[in-house]
Amino acid sequence: MGNLSSYYDLIASITKNDEVTRQEIALIQKHLKSGHILDIACGSGRHLIPLLHLGYDLSGLDSNNIHLKLLSEKLNRKVQLYNAEFNRAVISEKFDALLLFWNSLNEICHDNNELNEFFVKSRTILNEKGIIIINFDDIKEIDPINLDFEYKGEYEGQSFKYQFKVQEFDRRNNISKSIERLTIYSGDLVETITAELIQKWWGSEEVSSIANDHGFRIELDKIKANNEIYMILKKA
Ligand SMILES: C[S@@+](CC[C@H](N)C(=O)[O-])C[C@H]1O[C@@H](n2cnc3c(N)ncnc32)[C@H](O)[C@@H]1O
């Protein structure tokens, strides 16, 4: 039985095409010209690697060691990688920017307490003029209760089907439990791998209000390729 994490790059490519990533990198460049960045929940390096090539100093953090292994295999220089849950991580460096892209906040913080902890920790590792860039789906644009999609394609000479479906939704707290299922067809062999994902669907007003309490000023930005939220938080 395989592990869905090993197919992270395949799954990421279904949802986040190169143009989205290119526009997100341009957005980061607009808000930070140079400096030391921590990519929180960096996955296998969708932003970390292009930012390294642009001359930024990068560290990465992710709770999934398989995602970090995929990232390490792509790196040709030493980069500080933390294998930890962000709110519990021991981090001694300081940063000019923290990044949280593709609904990572929804996986790291499931309630107001965890979001408060997140901001307390973020402040301690940010330099004086440090910023946080947070990207997540706008719940006014999507219907998280009924998320259910399927994608079929080819990967390394094999056919695959990827399915994502919300199984349970806690309407009071806007928390979903979803099942991801990847089926790989290789000749007569069929392998199915499943994983469970818990996500808290934050509204931008909720995040802004708690960020304000922690002394951050909020700016919103957009990219042309989607209708998602890009929040820029600056230490007030
Ligand atoms: C949807 S992926 C986003 C990856 C990357 N930021 C991107 O935009 O391509 C979410 C990532 O969050 C990581 N993650 C989930 N919970 C976490 C936590 N508590 N602390 C750190 N990373 C976490 C997962 O392992 C996964 O790599």
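Which of the 18 residues around the ligand come nearest?

Guide: Welcome! One thing to know from the start is that this is a predicted model. Of the 18 residues around the ligand, the ones that come nearest are Ala41, Gly43, Asn64, Phe101 and Trp102. Sorted by class, the shell around the ligand holds eight nonpolar residues, six polar ones and four charged ones.

Now let us see which elements build that shell. Strand β2, residues 57-62, and helix α5, residues 104-108, each supply at least two residues to the shell around the ligand. Helix α5 gives the most, with three residues.

The domain assignment divides the protein chain into domain 1, made of 4-138 + 202-235, and domain 2, made of 144-200. Their C-alpha centres lie 23 Å apart. Where the two meet, twelve residues of domain 1 are in contact with twelve residues of domain 2. The largest share of the domain 1 side, three residues, comes from α1. By class, the domain 1 side that touches domain 2 has seven nonpolar, three polar and two charged residues.

Strand β2 leads us to the sheet. This is an open sheet of seven strands with mixed pairing, in the order β3-β2-β1-β4-β5-β11-β10. Strands β3 (80-83) and β10 (216-221) stand at the edges with a single partner strand each, so one side of each has no neighbour in the sheet. From one strand to the next, the twist averages 20°.

Within this sheet, follow β1 (residues 36-40) and β4 (residues 95-100): the two pair in the parallel sense over three bridges. Ile37 has Ala97 in β4 as its bridge partner. Helix α6 (residues 112-125) packs on the sheet, where α6 touches β1, β4 and β5 (126-136). The direction of α6 makes about 140° with that of β5.

A residue worth a stop here is His31, which has its place in helix α2 (residues 18-31). His31 is partly exposed, because 14 other C-beta atoms lie within 10 Å. His31 and Ile132 are 101 residues apart in sequence, yet 9.8 Å apart in space from C-alpha to C-alpha. Leaving aside neighbours within four places in sequence, His31 is in contact with Ile131, Ile133 and Ile232.

Strand β6 (residues 148-155) and strand β7 (residues 158-170) run antiparallel and are joined by eight bridges. Phe149 stands opposite Phe164 in β7. The hairpin of β6 and β7 has two residues between the strands, and Glu156 takes a positive phi near 45° there. On to the next pair: β7 and β8 (residues 175-186) also run antiparallel, joined by eleven bridges. Here Gln163 has Arg181 in β8 as its bridge partner. In the hairpin of β7 and β8, with four residues between the strands, Asn174 takes a positive phi near 60°.

Terms used. Residues are numbered from 1 along each chain as its sequence is written. This is a predicted model: local features need pLDDT of at least 70, side-chain atom pairs count only at pLDDT 80 or more; totals for chains, interfaces and linings use all residues. A residue is near a molecule or strand if its C-beta atom, placed from the backbone, lies within 6 Å of it. Ala, Val, Leu, Ile, Met, Phe, Trp, Tyr, Cys and Pro count as nonpolar, Asp, Glu, Lys and Arg as charged, and the others, Gly among them, as polar. Domain bounds come from an automatic or database domain assignment. Two residues are in contact if their C-beta atoms, placed from the backbone, lie within 7 Å. Two strands pair if DSSP finds at least two bridges between them. Axes are lines fitted to C-alpha atoms, for helices over the stretch in contact, and angles run from 0 to 180 degrees between N-to-C directions. A residue is buried if 20 or more other C-beta atoms lie within 10 Å of its own, exposed if 12 or fewer, and partly exposed in between; C-beta atoms are placed from the backbone.
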